[in-house]
Amino acid sequence: MKEQVRGDPRSEGCLMTSTTNRLDELREVLLMGPGPSCVPPAVYRALSRPTIGHLDPRFLAIMEDIKSLLRQVMGTGNSLTLPVSGTGSAGMETCFVNLIEGGDRVLILSNGVFGQRMADVAGRLRAEVEVLEFPWGTPVLLDAVRDRLAEREYDLVAVVHAETSTGVCNPVAEIGHLVRACDALYLVDTVTSLGGIPVTMDAWGADVMYSGTQKCLSCPPGLAPVSFSQRAVAKLQARATKVPNWYLDLTMIIKYWEGATRVYHHTAPINMLYGLYQALRCLVDEGLERIFERHRQTHDQLVAGLAEMGIDMLVDAPYRLPMLNAVKIPAGIQEAAVRQTLLERYDIEIGAGLGPLAGRIWRIGLMGHTARPENVTRVLDAIRTALQQQHSAG
């Protein structure tokens, strides 16, 4: 039987039942996996601001500031720069569905899960997809890209900057130079890299870029920043067919995000946009260079602490990401049991390996607000104790 609880403003208007409220069971967890990352208090406060209408002039002003802040963080002057309503995967799909038509020639440079996902999305759009594969844990090789581009023309070339499944940083600036010599559009995934290492879209020669809020931007998952160059916009405007996905059709979405008269497309996730607005302000206030250095320092601290335990990294030092660390699991260790111990006993989350790296690595995230020395010390102490317990039990 439902009972109206009165006198408590937190429950005013809610019908309470005798069953447990699952939200009451939640506790704070140190998020050190591949995402999401920890959220700073200022962003939580922004998320809790009163919801207003998505066409309210005060909200439209926030939208304009978000676009300006995104351009600054993404290193671009592109007019078409905005957050898509959806996670990073929605950002990926937005870029592909708006720019690809059936029969377009697409080259995917793949060395992990998210390169594979690009190929899947492009194939569903009936593009002629070719995948240039590289071993997981190693970067895309420029000579192989140069040779492939010399063999055939493409409409679009795509690569992941920071491959979250492996901890590899790909040479996107150098790839951009090779792509610019041909007529293809250049698409870069910066879901994990944006806000953690330098991202300079225009300097890379990238035509299309997407990211997500839940990694180094330290905002909960739910929005995907995207940016299109003038070349990409021209390709969009010259389509012979409609964009196949209505919800992600930028020809309509842009009418809501730009211009003196805003045209309704879908109800914007208002409070999530508050959160992104505050998260971007936090980044700019701290300073991007300081943030990049903080990520590098905490990465070095983690690598050194793991080395003291005899634990190695998967990726060679020149190609490692500071914010996503692929850590080799020591011989004889039950990797899932360590992750379970960290979560249940120490309230720390780290990630498992994917695909061919499943059971072989842990993925330890140092993203955004998580990338702090005290958090590295905490996870190192927890791993050390968990390993000692397994050795003692064995």
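**Exercise 1. The largest pocket**

Describe the lining of the largest pocket by residue class, then locate the pocket.

Solution. The model is a predicted one.
Step 1: the lining comprises 11 nonpolar, three polar and five charged residues.
Step 2: the volume of this largest pocket is about 460 Å³. Of its 19 lining residues, Arg27, Glu28, Val29, Leu31 and Tyr44 are the closest to the centre.
Step 3: among the contributing elements, β3 (30–31) and α13 each provide at least two lining residues.

**Exercise 2. Thr370**

Decide whether Thr370 is buried or exposed, and find which residues it touches.

Solution. 
Step 1: Thr370 sits in the loop that runs between β16 (361–365) and α13 (373–393).
Step 2: its relative accessible area is 0%. Buried means under 20%, so Thr370 is buried.
Step 3: beyond four places in sequence, Thr370 touches Leu30, Leu31, Met32, Ser37, Cys38, Gly365 and Asn375.
Step 4: a polar atom of the Thr370 side chain lies 3.2 Å from the backbone oxygen of Leu31.
Step 5: Val39 is 331 residues away from Thr370 along the chain, yet their C-alpha atoms are separated by 8.0 Å.

**Exercise 3. Glu335**

Solution. 
Step 1: Glu335 belongs to helix α12 (residues 335–346).

How values were computed
Residues numbered from 1 in each chain as written. Predicted model: local features only at pLDDT ≥ 70, side-chain atom pairs only at ≥ 80, totals over all residues. Heavy atoms only, no water. Helix = DSSP H or I, 4+ residues; strand = E, 2+ residues; numbered from the N terminus. Buried < 20%, exposed > 50% of the residue type's maximum accessible area, 1.4 Å probe, protein only. Contact = heavy atoms within 4.5 Å. Polar contact = N/O pair within 3.5 Å; in protein donor to acceptor, adjacent residues only side chain to side chain. 1 Å grid on protein atoms, 1.4 Å probe; cavity = no way out; pocket = protein on both sides within 12 Å on 5 of 7 lines; lining within 4 Å. Points joined across faces, edges and corners; volume = space filled by probe spheres on them. Nonpolar A, V, L, I, M, F, W, Y, C, P; charged D, E, K, R; others polar.
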